[in-house]
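Hi everyone, thanks for coming. I'd like to walk you through one structure today, stop by stop, so please keep the picture open while I talk.

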Amino acid sequence: MLRIVETKPYPDQKPGTSGLRKKVKVFQQPGYVENFVQSVFDSLEGFAGDTLVIGGDGRYFNAEAIQIAIRLAAANGFGRIVVGQHGWLSTPAVSALIRALGAFGGLILSASHNPGGPDGDFGIKYNIGAGGPAPEKITDAIFARTKTITQYKTLDAPDIALGRLGEVKVGAATVAIVDPVETYAKLMRKLFDFEAIRGLFASGFRMKFDAMHAITGPYAKAIFEEELGAGAGVVINGVPLPSFGGHHPDPNLTYARELYDLVMAPDGPDFGAASDGDGDRNLIIGRGQFITPSDSLAMLAANATLAPGYAAGLKGIARSMPTSAAADRVAAKLGIPCYETPTGWKFFGNLLDADMATLCGEESFGTGSNHIREKDGVWAVLMWLNILAKRKISVADLAAEHWRTYGRNYYTRHDYDEVDLSAGNALMDALRARLPALPGQSLGGYKVQAADDFAYHDPVDGSDSKGQGVRVLFEGGSRIVYRLSGTGTVGATIRIYIEKYEPPTGDLGQDAQTALADLIGLSRQFCEIEKRTGRAAPSVIT
Ligand code: VG1
Ligand code: CO
């Protein structure tokens, strides 16, 4: 039975770079999920009878939110609702399913790498028919709608059994519960040389994959352990848990320390990898050698044709602005364009749709390609394995060879979490005010070549995005970038990105924090971090 429920808007349901992200307790308020999901549907047109994909990363409140979303989708006229078993779908798997089914769009229930549990975070994101995050035009419309909404449409229908594969009716809609891995794994088989990777494992290559008790456990077990013969025990923390075992499911050197220590040990495995809450991020570590995400993008691009899905070569590379310029050097050598976009995967969508870029990456442990419209953690691991299987070389040797060819972009990101919001904004305002006077000045021995607040003109749809982060570019390819996070849920998170270019003839084997020490000091002093925020040191260094 269709039911129309009167409701009052909640303030601040603004979807950011990765959808709407708030504390679980905020989402648990009566009508909160309904308001947002109805606002999404109210901002879309022409979906009557069409297909909607729904899935999440298994975090606390996932199942409850999915039941609500299913009822609203059915009441609003979707004809077919495809849901991952147990409510599970990784973000890349949602993207793959939307595309494979030709669905109208999808809802992803996740707060990605943010912690879960009753006191953790939750999130909802809408993805369009191309498989990627909704562009700003749609997220702006959704936000506008959340402020004026007066009612939502739902059904009087019981919860459905999310664990049971098969189809059930909810109102007039058919709900199909599907295996979360199947469609995704099929796509991976098309892109990569599974035979060669099987051979790699058969030859004694050892790997550890840390699923961080988040969504990639089932994917990694099915693909790495079973299909590729890596063997049982390769996947650690492989069971998705609502609170991610109390951990922060963020695959970086701070939160994936267990894996890092394992792989850096002298008798450690050849290769270590991890993914985040919703499976779109990746961490790559070879024995004795961590690969920064920026370097990973460059190295994958330089070797991409070894994977069958990319044998024809790359059309272009795209990276987010704060991502290091390592990929630019590969693009230049390949004679293809390299696009610099604002932070967030949604900016890559147009370039991929227009076939202007094939590989994309962000410094925040996100790498992906035109196979879907999200970054993809398991894909990145397979791409590395495919390349290592073909090159028959260690990660450390591949990295050393890469830097000898292109030079090395030493890189680090320093995050200051949960800073007072007005202090964060004031810091950025003060930086912006100083920009015009910077070019030509010498800061700590570095000569400023250019300085701006990054703006992006989308070459495909002509849209403009302004205020995307303060860049101070130095002569010789070094730079400091400042921006505020759009995904934090408490106060402001200030991100400082520091990069220094070392040419092929320079010292390529340094520790990044050491190589960057003078620029790190300069980055703090220049924005007066301690005076303005009371913080002498960052909360997280990656
Ligand atoms: C962060 C990263 C950004 C990434 C975004 C979503 O955003 O810096 O590169 O696209 O998270 O990642 P911000 O605004 O906090 O810096 V995830 O794994 O949510 O989907
Ligand atoms: Co994520």
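**Around the ligand**

Let's start with Arg21: an N or O atom in its side chain is 2.4 Å from an oxygen atom of ligand 1. Before I go on, keep in mind that this is a predicted model.

Ser364 has a polar side-chain atom 2.5 Å from an oxygen atom of ligand 1. For Ser485, a polar side-chain atom is also found 2.5 Å from an oxygen atom of the ligand.

Now, which residues come nearest to ligand 1? There are 20 residues around it, and the nearest are Arg21, Ser112, Ser485, Thr487 and Arg495. And what classes of residue make up that shell? Ten are polar, ten are charged, and none are nonpolar. As for where the ligand sits, the space it takes up is the largest cavity.

**Helix 4**

Next stop, helix 4, which runs over residues 91-101. Is helix 4 largely enclosed or largely open? Eight of its eleven residues are buried, so the rest of the structure largely encloses this helix. If you want to find the buried ones on your screen, look for Thr91, Pro92, Ala93, Val94, Ser95, Ala96, Leu97 and Ile98.

Is Gln67 buried or exposed? Its relative accessible area is 8%, so Gln67 is buried. Setting aside neighbours within four places in sequence, Gln67 is in contact with Asp159, Ile160 and Leu162.

Then there's Phe61, in the loop between strand 3 (51-56) and helix 3. Phe61 isn't a glycine, yet its phi is positive, at about 85 degrees. It counts as buried because its relative accessibility is 10%.

Glu418 also has a positive phi without being a glycine, and here the value is near 50 degrees. You'll find Glu418 in strand 19, residues 408-419. Its relative accessibility is 52%, so Glu418 counts as exposed; the cut-off for that word is over 50%.

**Phe454 and its contacts**

Let's turn to Phe454, in the loop between strand 21 (446-453) and strand 22 (456-457). With a relative accessible area of 5%, Phe454 is buried. What does Phe454 touch, not counting residues up to four places away in sequence? The list is Met321, Glu340, Thr341, Pro342, Ser465, Lys466, Gly467, Gln468, Gly469 and Arg471. Take Arg471 from that list: it is 17 residues from Phe454 in sequence, and their C-alpha atoms are 6.7 Å apart in space.

**Last stop: Ala517**

Finally, Ala517 belongs to helix 17, residues 517-527. Its relative accessibility is 42%, so Ala517 counts as partly exposed. Along the chain, Ala517 and Ile498 are 19 residues apart, and their C-alpha atoms are separated by 9.7 Å.

Conventions: Residues numbered from 1 in each chain as written. Chains lettered and ligands numbered in written order. Predicted model: local features only at pLDDT ≥ 70, side-chain atom pairs only at ≥ 80, totals over all residues. Heavy atoms only, no water. Helix = DSSP H or I, 4+ residues; strand = E, 2+ residues; numbered from the N terminus. Buried < 20%, exposed > 50% of the residue type's maximum accessible area, 1.4 Å probe, protein only. Contact = heavy atoms within 4.5 Å. Near = heavy atom within 4 Å. Polar contact = N/O pair within 3.5 Å; in protein donor to acceptor, adjacent residues only side chain to side chain. 1 Å grid on protein atoms, 1.4 Å probe; cavity = no way out; pocket = protein on both sides within 12 Å on 5 of 7 lines; lining within 4 Å. Sits in = over half its atoms within 2 Å of the grid points. Nonpolar A, V, L, I, M, F, W, Y, C, P; charged D, E, K, R; others polar.
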